[in-house]
Structures are given as structure tokens and as C-alpha cells.
Amino acid sequence: LKFVCYSNDGVDEHMVWLIGLKNIFARQLPNMPKEYIVRLVMDRSHKSVMVIRRNHVVGGITYRPYVSQKFGEIAFCAITADEQVKGYGTRLMNHLKQHARDVDGLTHFLTYADNNAVGYFIKQGFTKEIHLEKDRWQGYIKDYDGGILMECKIDPKLPYID
Ligand code: ACO
């Protein structure tokens with residue numbers, strides 16, 4: 001099992017994984033238009049942290065780092081159906097936090113969580129209270145009716161992965 005982070009960089013292996021991830025999102029997030037998923041996963045300002053097992057993608061998180069604002073917006077998060085509830089979602093989030101802090105220099109994440117995923121995000125340290133000053137994120141992330149805005153502060157020192 002490995003965790004990798006790539007954006008649309010034209011490398012064959014990365015593209016195969018990004019397309020696999022796009023297909024997992026399309027299946028696991030049926031309310032999201034498929035064209036919208038493809039557009040963001042393939043957009044070069046988005047990055048995807050992916051869980052790879054035996055060279056196949058089994059899940060991932062696509063996010064957009066706003067480096068100047070020091071926060072990231074999680075656009076999509078999913079694990080393929082037959083691999084859910086095995087702890088991959090938690091390990092994935094820990095890899096995302098470590099990467100976002102150490103590579104992008106981010107301090108917070110924001111996401112519009114689906115109602116049925118609020119429990120998962122709470123377990124990952126997200127809250128419904130937004131502490132981040134509004135002028136740091138307003139106008140950067142798009143308003144979205146279908147979910148609840150949640151925030152996570154990334155610990156500046158904690159080792160999230162071994
Ligand atoms: N509601 C409440 N708790 C949950 C949920 C949920 N939907 N999913 C997992 N959990 C809990 C688990 O029981 C576990 O709790 P524990 O630590 O007390 O045992 C903990 O969260 C972590 O479980 P993992 O096994 O690490 O999570 P998993 O690998 O299943 O990944 C995920 C979680 C990504 C939500 C997965 O279930 C999934 O793909 N669901 C369908 C798609 C989805 O809803 N994605 C989020 C949409 S919102 C967005 O994309 C911005």
C-alpha cells in the first residue's frame with residue numbers, strides 16, 4: 001500500500017491513477033456531475049492524494065491548495081466501495097494533512113461535506129465551526145448548497161504519518 005500526491009502532470013502512470021480516481025468519485029459521489037469531477041481532477045491547480053494498492057488506485061482526495069491564503073479546499077474524497085471502513089480513509093486524510101503542511105505550507109482545510117460524510121470528517125478533526133477569518137477564504141471557495149461547510153486546523157508539528 002502506498003500514498004502518492006500528483007496533479008495532471010502528463011506522466012502516464014499518474015494519469016492512469018487520476019482517471020481511476022475520477023471513476024471512483026463518479027461512482028461514490030452520484031450527486032456530482034461527472035463533467036465537473038473530470039474537470040477538477042484534471043485541473044492543474046488541483047492535486048490528488050491517492051491510495052495505491054498493487055498498482056491500482058483504491059481511493060483519494062482531490063484538493064486545491066490556496067498557497068497565499070494558507071488553506072486548502074477539499075473538493076472530493078472517496079474510497080472505492082469494497083475497500084471502505086478498513087481505515088484507508090483515515091490514513092488518506094493523515095497523508096493529505098502532512099503533505100499540505102510540509103509541501104504546500106497550509107494551516108487549514110475547508111470542505112463542503114455531504115450530510116452522510118459529516119461523521120467521517122468529524123473523526124478526522126473537522127468542525128462545523130469555522131475559525132478561519134472570512135477574508136482569508138471568502139471569494140476563494142465556491143458556495144455549494146448540497147453540503148455543510150467544515151474546517152480542519154492542521155497541527156503545525158504533529159507527525160501525521162510514520
Ligand atoms: N459516517 C460516519 N462515520 C464514518 C463514515 C460515514 N459516512 N465513513 C466512515 N466513518 C467512520 C468509520 O466508522 C471510522 O470510525 P472509527 O475510527 O471509529 O472506526 C472512521 O470514520 C474512519 O473510517 P475509515 O475506514 O478510515 O473510512 P473509509 O476508508 O471508509 O473512508 C469515506 C471514509 C471516504 C467517507 C468512504 O466511506 C467513502 O468513500 N464514502 C462514500 C463517498 C463519500 O461520502 N465521500 C465524502 C463526500 S464529501 C466530499 O467529498 C467533500
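Here is a friendly tour of one structure, told in questions and answers.

Visitor: Where do I begin, and how are residues numbered?
Guide: Welcome! This is a predicted model, in which local features need pLDDT of at least 70, side-chain atom pairs count only at pLDDT 80 or more, and totals for chains, interfaces and linings use all residues. Residues are numbered along each chain as its sequence is written, starting from 1.

Visitor: In what order do the strands of the open sheet lie?
Guide: Helices (H or I, at least four residues) and strands (E, at least two) are DSSP runs, numbered from the N terminus. Two strands pair if DSSP finds at least two bridges between them. Six strands make up this open sheet with mixed pairing, and their order is β1-β2-β3-β4-β5-β6.

Visitor: Which strands are at the edges?
Guide: An edge strand here pairs on one side only. The two that do so are β1 (2–6) and β6 (148–153).

Visitor: How much is the twist from one strand to the next?
Guide: Axes are lines fitted to C-alpha atoms, for helices over the stretch in contact, and angles run from 0 to 180 degrees between N-to-C directions. From one strand to the next, the twist averages 25°.

Visitor: How many bridges join β3 to β4?
Guide: Let us walk along the sheet. β1 and β2 run antiparallel and are joined by five bridges, with Phe3 having Val51 as its bridge partner in β2. β2 and β3 are antiparallel too, over seven bridges. β3 and β4 also pair in the antiparallel sense, and their bridges number eight.

Visitor: Which residue in the turn between β3 and β4 has a positive phi?
Guide: In general, most residues other than glycine have a negative phi. β3 and β4 form a hairpin with four residues between them. The turn residue with a positive phi, of about 60°, is Lys70.

Visitor: Is Arg54 buried or exposed?
Guide: Arg54 sits in the loop between β2 and β3, and has a positive phi of about 45° although it is not a glycine. A residue is buried if 20 or more other C-beta atoms lie within 10 Å of its own, exposed if 12 or fewer, and partly exposed in between, with C-beta atoms placed from the backbone. Arg54 has 6 C-beta neighbours inside 10 Å, so it counts as exposed.

Visitor: What is the phi of Asn55?
Guide: Asn55 is also in the loop between β2 and β3. With 9 C-beta neighbours inside 10 Å, Asn55 counts as exposed. Although Asn55 is not a glycine, its phi is positive, at about 65°.

Visitor: How many residues of β4 are buried?
Guide: For β2, five of its seven residues are buried, and that strand is mostly covered. β4 is mostly covered as well, and of its nine residues the number buried is nine.

Visitor: How far apart are the end C-alpha atoms of α3?
Guide: The expected span of a helix is 1.5 Å times one less than its number of residues. The 17 residues of α3 should therefore span 24 Å. That agrees with the distance between its end C-alpha atoms, 22 Å.

Visitor: Which elements do the buried residues of α3 pack against?
Guide: α3 lies across β1, β2 (47–53), β3 (56–66) and β4, at about 35° to β3. Its buried residues include Leu92, Met93 and Leu96. Two residues are in contact if their C-beta atoms, placed from the backbone, lie within 7 Å. The buried residues of α3 pack against β1, β2, β3, β4 and α4.

Visitor: Which element gives the most to the shell around the ligand?
Guide: A residue is near a molecule or strand if its C-beta atom, placed from the backbone, lies within 6 Å of it. The ligand is surrounded by 23 residues, the closest being Ala78, Gln84, Gly89, Thr90 and Gly119. The elements that give two or more are β4 (71–79), α3 (88–104), β5 (108–113) and α4 (118–123). With five residues, the one that gives the most is β4.
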